[in-house]
Amino acid sequence: MIGFVACEESASHIGNSIIGQNAEIVIDSSFTVTGHTVALDSIIPKTTQQLIGSVNIPAYGNITSDIVAQFLPTVALDTINYSADNIDSLVLTLRYVSGSFIGDSLVPMGLEVYPLTKQLPTDISSKFNPEGYYSPTPIGSQIYNASLAGSSATMIASNRDINVKLPVQLGKDLFNAFVENPDNYANGRVFAENVFPGLYIKNNYGSGRITILSICSMVMHMHKEYIPDGKEELDTISASHLYYLVTPEVINNNNISYKMSQTLADLIEQGHSLMVAPTGAEVEFEFPATDIITSYREATKDGISVINSLSFELPVDTIANGLGVNPPPYVLMVLKKDKEQFFAENKLADNITSFYAIYDATKQVYSFPQLRSFLTQLIDKDEITEEDYTFSLVPAQVNFENLANSGYLSSSTVQTESEILPYLVSPAMADVRFDKAKIIFTYSLQTRK
């Protein structure tokens, strides 16, 4: 038990409390780990990025995505200078960063826009079927491609916009709803319930590209005629107002249909551990915690010891596909029993029961260097069960924010994680190589003379 008490020492003194002629640093890398593929047919949406289109990707499979979305309204409309009669048009703008697509840039794709007729469910997932939630009559449509040549897309800096004209009357109704009761614009929930449930944006033509949208908004274009001071002839004021935007505060969902390729199905049948995103497959595995603890206890029973570190390096293979579908940029390693709660409660990795790793494209590995606290809290448990070391490996998107770090003489910014989400940015896949995984366990040991 002396060794186990020593594990609780301050991390800044790890290994330093054991000195003397009989002290040594033990590095054990003899442990192995295995995993298996788990089918995943849906994920909970936690992103404002939207996928629209359909594409068949060699080795990956066929993926189609439509969109349902509510809108967050502005809390104030310009009712002093304009009325509903000044509205010329209402335009749905789907913006994406140039090059943000999977597939052929020249393939013409088509979409249709339908108004939602009732509230979206709060427990919506990527397999949501919008039937019964929208009017069967489209209120807008557009043919587009990812190249400016012959496209409806316009370019703004490094962004491109797909613009869809919606009925002018819809714009007038939205404007008048604010005039009649500004409280209806208090927040997205009230707006969706009392004024406008949202839109269903459907891929209705073409198969050759998935476009990754970063902004979805509705813009009112308005004009007003007036007589300038000191003149007799009419002049015109024109303005465009972005009054409605898809944000994290409202329900937004990619309705994804995915059919796995025979290539991936065969790999799974052969025993490969695959991650396929945004839906498709994740990986489960049992980390050899009990083997590590048993080995540690046996090796340190006649001495004093301190656990220094425990790291886990997990290589992956890319799967040739011809369209740039790569391993996900991040993965979340979380206890299987905690996975659903982790995403439902918007948790961050605690480096005890949940960890994330960035994909190193050069080495083709995900590295988890800080598993020490995971191991020490297991050692302290009276009983260790299978659920204490069974993990899910989930494709993830990690977002960051910059926080001010002020000192006496200077200040700086520190980048920290703000959220960890299921990966829903674009198709991704990887073959996880547990047979090449490296677990390195290091501890300091002083044996008795």
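Biologist: What makes helix α7 mostly covered in this predicted model?

Modeller: Helix α7 spans residues 372-379, and six of its eight residues are buried. The buried residues are Arg372, Phe374, Leu375, Thr376, Leu378 and Ile379. Each of them therefore falls under 20% relative accessible area, the limit for that word.

Biologist: Why is Ser305 called buried?

Modeller: The relative accessibility of Ser305 is 1%, and the term applies under 20%, so Ser305 counts as buried. Ser305 belongs to strand β19.

Biologist: Why are Tyr60 and Ala59 called buried?

Modeller: Tyr60 has a relative accessible area of 0% and Ala59 one of 13%. The limit is under 20%, so Tyr60 is buried, and so is Ala59. Tyr60 is placed in the loop between β3 (50-57) and β4 (61-69), and Ala59 is also in the loop between β3 and β4.

Biologist: Which peptide bond is cis, with omega near 5 degrees?

Modeller: The bond is that from Ala277 to Pro278. Most peptide bonds are trans. Pro278 is located in the loop between β17 (273-277) and β18 (280-286).

Biologist: What lines the largest cavity, and how much space lies in it?

Modeller: The lining consists of Leu40, Ile43, Val276, Ala277, Pro278, Ala281, Val394, Pro395, Pro422 and Tyr423. The elements giving two or more residues to this lining are β17 and β23. About 50 Å³ of space lies in the largest cavity, and the structure holds one cavity of 30 Å³ or more. A cavity is called so because a 1.4 Å probe fits there but cannot get out.

Biologist: How is the lining of the largest cavity divided by class?

Modeller: The lining has ten nonpolar, no polar and no charged residues.

Biologist: How does the largest pocket divide by class, and what is its volume?

Modeller: The lining of the largest pocket has seven nonpolar, ten polar and three charged residues, and the volume of this pocket is about 560 Å³. Its lining comprises 20 residues, of which Pro45, Lys46, Thr47, Pro248 and Val250 lie nearest the centre. Strands β23 (390-406) and β24 (411-422) each supply at least two lining residues. The word pocket is used because the set of points is open.

Biologist: Which residues touch the most other members of the largest nonpolar core?

Modeller: They are Phe285, Phe287, Phe312, Met333, Phe368, Leu393 and Phe441, in a core of 40 residues. Strand β19 (residues 303-317) gives the most to this core, with five residues. Apart from this core lies another, of 39 residues, among them Ile52, Phe71, Phe178 and Cys216. In soluble globular proteins, nonpolar side chains tend to be buried together.

Biologist: What does Leu393 touch, beyond residues up to four places away in sequence?

Modeller: Leu393 touches Met275, Glu282, Val283, Phe285, Leu314, Val331, Leu332, Met333, Phe368 and Val432. Each of these touches means heavy atoms within 4.5 Å.

Biologist: How do you know which stretch should not be read in detail?

Modeller: Where pLDDT is low, the predicted coordinates should not be read in detail. Over residues 1-17 the pLDDT is below 50. That stretch has 24 contacts in the model beyond near neighbours in sequence. The chain as a whole averages a pLDDT of 89, and 88% of the residues score at least 70.

Biologist: How much of the chain is buried, and what is its secondary structure?

Modeller: Buried residues make up 50% of the 449 residues, and the secondary structure comes to seven helices and 26 strands. Of the contacts between residues at least 6 apart in sequence, 80% join residues at least 24 apart.

Notes
Residues numbered from 1 in each chain as written. Heavy atoms only, no water. Core = buried A, V, L, I, M, F, W, Y, C linked by side-chain atoms within 4.5 Å. Buried < 20%, exposed > 50% of the residue type's maximum accessible area, 1.4 Å probe, protein only. Helix = DSSP H or I, 4+ residues; strand = E, 2+ residues; numbered from the N terminus. pLDDT = per-residue confidence, 0-100. 1 Å grid on protein atoms, 1.4 Å probe; cavity = no way out; pocket = protein on both sides within 12 Å on 5 of 7 lines; lining within 4 Å. Points joined across faces, edges and corners; volume = space filled by probe spheres on them. Nonpolar A, V, L, I, M, F, W, Y, C, P; charged D, E, K, R; others polar.
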